[in-house]
Amino acid sequence: MTKPESAGYDYDVVISGASLAGSAAAILLARRGVRVALLERRSDPDAYKVLCTHSITANAYPVLDEIGLIPALEEAGAVRNQSRLYTRWGWIEPRAAPGGPELPYAYNVRRSTLDPLIRSRAGDTPGVDLLLGHQVTGLLREAGRSSGVRVSTPQGEREIRARLVVGADGKDSAVAKYAGVPVRLHENARFGYLAQYRDLPLPGGIGHVWFLEPDMAYAFPNDDGVTVVAVLPDKKRLPAFRKDLEGSFSAFVRALPEAPPIDAAERISKLIGTVNYPLHSRRPTAPGVALIGDAALTADPLWGVGCGWALQSAHWLAAALAPAATGQGDLDRALAAYARKHWRRLRGHQYLAADFATARPFNPMERLMFSAAARDEAMARHTYLFASRLIGPLRFLNPVALARASAVNLRHRGGTVVPPEHLSHAGS
């Protein structure tokens, strides 16, 4: 049986979590004729996620565009997120090809700006009821599947019935727990701290990422003249780092190649961080339940992909499930289609991220590709597409790209190999 045949529902879909993934899903579903209850456990409409890279990768630009959020982000001062990457071979500096289109982009924007903006947009969308101060305390069940939620509200306990329950409630998802969805954990052998600085100049005004093998760092310019600076060292350094957290953070940043001049800038936040942030993976569906954003998959924060994947998974959910959520299709088939899309698009990225989270140095394939990207503009563009999650691992490591990388490095070492003419298109 695809869905319970008994009494009517209060809503077609109930979403737990009105942050990035949940708000995007609510907007996209409602625009497809779905009646949505969007629940947020916090009562403050301006609440936001604190521990975040504050960056949306370019793969999510089409979702932002469909939601209609691009003009509002530009008006709020969100920064188009170009970046350069430091490696032992020098800087990888992606640039548009001469005479070609500009590189794809999305935005760096602080969650204190982004979360209230998209939540307000969701609350103003016809078909969405934004219910603040509503925390899920359990799932309703009927005929072996979820059929709604129990919630704690400022007015007391209530039940909300719906054909589909969506967990957009983060890596420690209560919806996933109540639905009995198991989680697979991958150890993260790095810890991380970040701080926000005002008026911190960066060369070119663009983001910087440092691959220090095994340590990492980044500096991303954001809205309102604020730059987010983060350090992600190997956990072996944690005992010494903790002895003087402020001093260790500042010393780490000052030692970076072409270090951002933090001493000349105003720090406007405390140090924010975590010493244990494993990668989470869950099957994104269960009977009557779908998971999006960090509830389904939490990646290593050093890659800055969480916001992008939250928006993309919300879009995949709406596209796959909207008809069935209104009773016009088979809900189980729609859930299976969403799960397949999620698995196909993200499993390769997550596999590589979990492997790199062991704090290992670059492997031979990475050395080949990143050294070539530091020496060749076409390879730099190709690497940028992968870092922006616009192409997957198989396209990043396609035979043409590998051949070009080998030829670039041979030329650098004084070899005489000249790549075939078609290798100039390796980044396409």
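Start by selecting strand β19, residues 279–282. Leu279 and Ser281 point one way while His280 and Arg282 point the other, and all are buried. Buried here means under 20% relative accessible area, exposed means over 50%, and partly exposed is in between, using a 1.4 Å probe and protein chains only. Strands such as this one are DSSP runs of E with at least two residues, helices are runs of H or I with at least four residues, and both are numbered from the N terminus. In a regular strand the side chains alternate between the two faces of the sheet.

Before moving on, a word on what you are looking at: this is a predicted model, where local features need pLDDT of at least 70 and side-chain atom pairs count only at pLDDT 80 or more, while totals for chains, interfaces and linings use all residues. Residues are numbered from 1 along each chain as its sequence is written, and side-chain values use heavy atoms, with hydrogens and water left out.

Strand β12 (residues 183–186) runs antiparallel to β19, joined to it by four bridges; two strands pair if DSSP finds at least two bridges between them. Look for Arg184, which stands opposite Ser281. Then select β22 (residues 297–298), also antiparallel to β19 and joined by two bridges. Which residue of β22 is the bridge partner of Ser281? That is Leu297.

Two bridges join β3 to β7 (residues 107–108), and Ile56 has Tyr107 as its bridge partner in β7.

While you are there, click on His54, in the loop between β2 and β3 (55–56). Its phi is positive, about 60°, although His54 is not a glycine. Is His54 buried or exposed? His54 is buried, with a relative accessible area of 2%.

The peptide bond from Glu213 to Pro214 is cis, with omega near 15°. Glu213 lies in this loop too, and its phi is near 45°, a positive value in a residue other than glycine.

Time to go inside. The largest nonpolar core has 60 residues, and Ile15 and Leu311 have the most contacts within it. Such a core is a set of buried Ala, Val, Leu, Ile, Met, Phe, Trp, Tyr and Cys residues joined through side-chain atoms within 4.5 Å. Helix α8 (residues 306–325) supplies the largest share, twelve residues. Center on Ile15: leaving aside neighbours within four places in sequence, its contacts include Gly22, Leu29, Val36, Leu39 and Val166, where contact means heavy atoms within 4.5 Å. Apart from this core lies another, of 29 residues, among them Leu85, Val209, Met216 and Ile391.

Helix α10 (residues 364–373) is the next stop. How many of its ten residues are buried? Seven are, so the helix is mostly covered. Among the buried ones are Leu368, Met369 and Phe370. They pack against β6 (90–92), α9 (331–356), α11 (377–387), α12 (393–396) and α13 (399–412). At the start of α10, a side-chain oxygen of Asn363 comes within 3.2 Å of the backbone nitrogen of Met365.

Last, find Glu258 in the loop between α7 (245–254) and β17 (266–267). Glu258 is partly exposed, with a relative accessible area of 43%. Leaving aside neighbours within four places in sequence, Glu258 is in contact with Arg84, Trp91, Pro203 and Trp210. With Trp91, the side chains make a polar contact at 3.0 Å. A polar contact is a pair of N or O atoms within 3.5 Å; within protein, one must be able to donate a hydrogen and the other to accept it, and residues adjacent in sequence count only if both atoms are side-chain atoms. For scale, Glu258 and Ala357 are 99 residues apart in sequence and 25 Å apart in space, C-alpha to C-alpha.
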